[in-house]
Amino acid sequence: MSDAASGAATPVLEIDNLHVSYFTRAGEIPAVIDFSLKLEQGEAVGLVGESGCGKSTVAMAIMQYMGANGGVVGGSIKFKGRDLGAMSQEELRRLRGSEIAMIYQEPMAALNPSLTLGRQLMEVPLYHEEVSEAEAYERARQMLSDVRLPDPERVMAAYPHQISGGQQQRVVIAMALLSSPSLLLLDEPTTALDVTVEAGIVKLIAEISKKFGTSMLYISHNLGLILETCDRVCVMYSGEVVEESEVKTVFASPRHPYTHGLFGCIPVPTADKNLRPLVAIPGQLPLPHERPQGCNFGPRCQHFRAGRCDDHDIRMSEITHPSPDHRVRCLRWDELAEDEIATEATEHEPLEPGEPVLVIDEMQKYYPVYDRSIKALLSGQAVRYVKANERLNFDARRGETVAIVGESGCGKSTFAKVLMGLETATEGAITFNGQEISQRPIDSRSAEEIGSLQMVFQNPNDTLNPSLTVGRQIARVIRKFGAESNSETIRARVMELLDLVKLPRDFADRRPRQLSGGQKQRVGIARAFAGNPAMVVADEPVSALDVSVQAAVTDLLMDIQRRYRTTLLFISHDLSVVRYLADRVVVMYLGQIMERGPTAAVFSPPYHPYTEALLSAVPIADTSIEKREIVLEGNLPSVLDPPKGCPFATRCPRKVGTICDEERPPEQQAGPDHMIACHISLAELSLVEPVIQMVKDGEPKPVDPQYG
Amino acid sequence: MTEIAQPLPKREPLPLRLLKSLALLRESGVGMIGAGLVLFWVVVAIFAPWIAPFSPTATLQPMMPPLSPAESGGVFLLGTDHIGRDILSRVIYGSRTVLIYAPLATFCAYIVGIVMGLWAGYRGGWLDDVLSFLANIILSFPVLVLYVVIIATIGASGTNVLIAITFASAPGIMRIVRGLTLDIKTRDYVAAAQTRGESTWWILLVEILPNARGPLIVDACLRLGYVTITIGVLGFLGLGLPPPTPDWGGMVNETRRMATIFPWMSVFPCVAISSLVLGLNLMADGLREISLRD
């Protein structure tokens, strides 16, 4: 492009007072209001906000691709000085994919399943630059090794389904970079991936702008990821940017109450469920057509002043001190001293754990897989086993929170199924409340037993039956467990449960689709607690929720637990949440327990090498934390054919030798109730430097997870 | 820290809600035309005794062309057939036959198809294999041959028409329901029902079936059209209701040899069948269009 030469003067992207609306049955709905942004060459800007804040709409507007019912109603978007809105469809098509590339959340959706990856990659230079086949091949191969894919020749010949999700996303990034775009839009590119895979992609993205001089717009709901990848950040709320500055400035001294609130909701390493609990932002995002007059955040803001904040639309104000180039959409930012913005948290007494409620003893769950090929029949290997759970040992005590941590395929969901009685164990024992239940499927358990072991599910949109009212769904559970048949008593109990999860009573007559994600999850919790359970299994209960709602739901779970001394079995892949609320942690990999112990012990050396990698992979939204970078190579091995020795041996950065491949690692006692299954001696593991350190007065200092 | 409650919209009584969802059809032009045609025939069927100018079975004057005056007073608007019955009255009364048997047969087929599909989809394994195998066998027969065989075996009567149509349509419905069930059974609310020890029937009928209703309603509308045609075909083949019951398919059959000389005798029943089927199909299209929106 001819403009590229004068690129120093004109920014790559300049958005000025952009307004975008959608037109629906209900009328015009503004999705983005007064959005301005300048993106210089090689700069990475993060766009962060909760669902429905308009961040993806901004990306769509830049691509000039808003579907049938969306449209730019005001402002301009200039790409290298040229107005995108004034371009013809033909000009836009030439721009998309060559000058502006976009990467989406689902890599599989971006790749054509019926063409080899090489073919799809080569198409980019073939189509946009009309080079020869041989050169296109060479460029594609080179780009694959640039995005750190091992064995690029093999990947070139493979079809999309033959490589893993993380590799697919790398191929998509390679494809976007092949046309050397000036602008790369990334819309939640790692949300669908496992944490350790995500860490690798994030590292790659952070390198792109340095290596290729590409400008990036990174859209995410995760503040930690923005901190790791971007130079500047725009925080969006309900269609507007509320705060914008350098990443460091926003993270170190946020001035908008919403940004401040967001940081209070994130379980950073210094948060503690008893001493420094998270502070949720009250209320919820306003619906786009029900935005309040004046400040959109007004109704949820504790510094709200009637008559001032709700008087007129609020413009961005410039802050020059202490750091320049900082804008915030708040009238009262200069009145609110920094310490005043900080919200007060209430302290709690820690719960003293009681007697063991659940004891898992050498539990195994194998699924047979029948191979009906003649070759398998002849070799006598017609039946193979998926070892979903291999010799699990742990217990959970009354009033305690035990977290099971692991990535997809680690067997945590299988374990939950066996525990709930949807499957029976292949071997070993599960003792719950003194009863052996591993061989008893759900229909042979008594109503009381079922009621005392209940579950909270992951996906808020899936957890409630869309056809029944909330009240009827809770009432059904009470009728099932409580042996209660009087409809008056049941109705009263439903109301009590709604009070318990802090929902208004008239929600009983609502249908799930009239509720927000957080509210549905609260109903799910009410349902689980209807039978006064001794233990609740929570399968990623907050991972699908928005950040500001996550804190509230987590808080609610803790609250109910404190009240009833319920045991919580918390299944998660998110180590920040686990560190925040678990008393003890079980780390699983490929169906086996790698490390098990009290939270404080698991989160500080000696670590199992896998725990160490997991800890390093979790993005942390805190500028005072320094993290050691460990990126795992390779893929998760197939559960059908797991490594013979240590399951982690194939990806372990600390592998000692053939012993790891051939022998099961010994269970070493690293402290009271702390077990590490590894061939490396404890003495050696203890010498490992902590992954997360706090930078204070220039001196790194380890974070103590219990008394941060 | 509770989330702020939105004011609760009052729940309306069922008839009003049904009317409102029908009112949504307004947004689809074809849907409205379809609904109009269907509504027309429903009204005709209900008020047949008041609308029909003559008795549908009385033999008056044979082979009168349309618009010819009747001896007893009045006009044969659509003419009379070869034995002198008023075609308009027969078409009007014939709508009753179709509008009773078509929905009834569709309903029966749905009951059987839903139960089979729910079980096959939810249970899986050998039960699914057996049921799917049976369904495939039935579906592999030419439908017409199937009807002829069934009716020839059990005789021509209203009930037997129901049986034949149920037998031939249920496998197709089963497949749709099975597919929907396979999707819905992986939802968390089904898992929640399982983990509180609900019976299989409860899960099938309360947790799964109501949430599959959207696509099923559209399909039912389309299928009603097919069944209407089928009833016409059965009548035409002489496998439908025994004469002298007015029956559109039967009317076409009785007069088809004279169709070149006295075209009105067979044209009007054909128009009747086509308009009703067209109405049902357009309505299904409209429903689908609306359900895909949003």
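## A tour from a tyrosine to a sheet

Start by selecting B:Y226, which sits in helix α10 (residues 213-236) of chain B; helices (H or I, at least four residues) and strands (E, at least two) are DSSP runs, numbered from the N terminus. This is a predicted model, where local features need pLDDT of at least 70, side-chain atom pairs count only at pLDDT 80 or more, and totals for chains, interfaces and linings use all residues. Residues are numbered from 1 along each chain as its sequence is written, while chains are lettered from A and ligands numbered from 1 in the order in which they are written.

Next, show both chains. Here 19 residues of chain B are in contact with 36 residues of chain A (C-beta atoms, placed from the backbone, within 7 Å). Select helix α8 (residues 188-195) of chain B, which gives the most to chain B's side, with 6 residues.

Finally, move to chain A and its open sheet of 8 strands, ordered β6-β7-β8-β3-β9-β10-β12-β11 with mixed pairing (strands pair if DSSP finds at least two bridges between them). At the edges stand β6 (100-103) and β11 (317-319) of chain A; each has a single partner strand, so one side of each lacks a neighbour in the sheet.

Technical notes: Contact = placed C-beta atoms within 7 Å.
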